[in-house]
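Thank you all for coming. Please have a look at the sequence and the model on the screen, and then I will take you through a few places in it, one at a time.

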Amino acid sequence: MNNIINGWKAKRSLGRISIRFLTVAVFLFLPVFMPLTGCAVHYTADRNLGAARPLPAALAALFSYPRVDVVYSETLLEDKGGYTIRHIEFESMHNVIPVPHTIRMDYYALKTVEKAPVILVLPILGGKNVIAKIFARYFAENGYAAVIVHRQREYKEVAELERINPTLQQMVIDHMQAVDWIETRKELDASRIGVFGVSMGAIKAAMLAPIDPRVSVAVLGLPGGDIPYILAYCTERSINRFRSKYMDETGFTQQDRLYEYLQTTVTCDPIHYAPYLDPDNVLMFISWFDTSVPYSRGKALWHAAGKPEVVYLVSGHLSAYVYLPYVKAKTLSFFDRRLGKDAVLP
């Protein structure tokens, strides 16, 4: 009898282990298979979308600057047949922070298209711009010039919370100066400019698009509003290190208190600018299980922007990568409808 009971207990234990193993396996591999089976939830924009609110003069004044002639350097990096990749550099001519810096861009220039529409591609917070390069190349192969605006290393060294707000303001101005450069290129159609970004790139794109009327279309991958919340609670590694270091140095013992303080100091924020976006010309990708740019902050930005077209991904922040083919195709289709392209490269 004891042998039967012991055998039953052993089987029950093995059953529990098997169930746990199956649960973990499903959790780990489900995001891989979902894109293959079309498991992304897509909502089109509300048919009764209103127009974007006019940008207040006081807000526009924060980002206004005198246009001046700028000396640009241009270096050929690669010749890809249908397009070339050129490196562009020029000094920022308008600085709201005392950090002199050079604006660096990689320009994917089409060979066979005159007056090409152009997409500004804004990179993620870290890494070697792999995602930005994938999308820039994809756009260039499908009839769009593309411009990757590189991150500023100097901005990552900002240690004082009091400098975060003007640094964010400077980021927007830097990208506006990139648009200034686009307007100097005869081969580019400055009336058809879109912006694409993922993660931090999407946050910057969500600030640029409503501020600069020359940017008419925005595709935002894993974006978020409420930067104080993101800085206080997100799980992204570099921000986590910065937050821990700052809290140790300043005596903040609770993230809630840090969040309250940041709310009083950080006003340059996509959540505040979102009402000035045209929701008909915005597409968002939001991940349900994102903790780096928390899902709740992406959803809040979507609401503030007037509920534009959105795709919900069944993934976290990094695991959203498995949706890459779908996101590329969906993004291209959206730009095609909103900007149109003159030709598709072979």
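Predicted model: local features only at pLDDT ≥ 70, side-chain atom pairs only at ≥ 80, totals over all residues.

Let me begin with helix 11, residues 295-304, where R297, G298, L301 and W302 are buried, buried meaning under 20% relative accessible area, exposed over 50%, and partly exposed in between, with a 1.4 Å probe and protein chains only. Seen down the axis of helix 11, these buried residues fall within an arc of 145 degrees, so they line one face of the helix; the arc is that of the directions from the helix axis to the C-beta atoms. When I say helix or strand, I mean a DSSP run, H or I of at least four residues for helices and E of at least two for strands, numbered from the N terminus.

What covers those residues of helix 11? The cover includes helix 6 (200-211), helix 7, helix 10 (270-273), strand 9 (282-287) and strand 10 (309-313). Just after helix 11 comes G306, which takes a positive phi of about 90 degrees.

Residues are numbered from 1 along each chain as its sequence is written, and side-chain values use heavy atoms, with hydrogens and water left out.

Now for the chain as a whole, which has 12 helices and 10 strands. Of its 346 residues, 49% count as buried. Taking the contacts with a separation of 6 or more, 77% are between residues 24 or more positions apart, where contact means heavy atoms within 4.5 Å.

Helix 3 and helix 12 (residues 324-338) pack with their axes 11 Å apart, at an angle of about 45 degrees; axes are lines fitted to C-alpha atoms, for helices over the stretch in contact, and angles run from 0 to 180 degrees between N-to-C directions. Helix 3 and helix 12 are therefore oblique to each other, since angles under 35 degrees count as roughly parallel, over 145 as roughly antiparallel, 65 to 115 as roughly perpendicular and the rest as oblique. The contact involves I134, F135, Y138 and F139 on helix 3, and on helix 12 a set of residues including L324, V327 and F335.

In the second pair, the axes of helix 5 (residues 164-183) and helix 6 come within 10 Å and cross at roughly 70 degrees, which means that helix 5 is roughly perpendicular to helix 6. Here L168, M171, V172, H175 and M176 of helix 5 meet M200, K204, M207, L208 and I211 of helix 6.

Finally, some single residues in loops. N129, between strand 5 (116-122) and helix 3 (130-141), has a positive phi of about 60 degrees although it is not a glycine, and at 7% relative accessibility N129 counts as buried. D226, between strand 8 (215-221) and helix 7 (227-233), likewise is not a glycine and has a positive phi, of about 70 degrees; D226 counts as buried at 11%.

Leaving aside neighbours within four places in sequence, S292 is in contact with I230, C234, T235, E236 and H317, and C234 is itself buried, at 0%.
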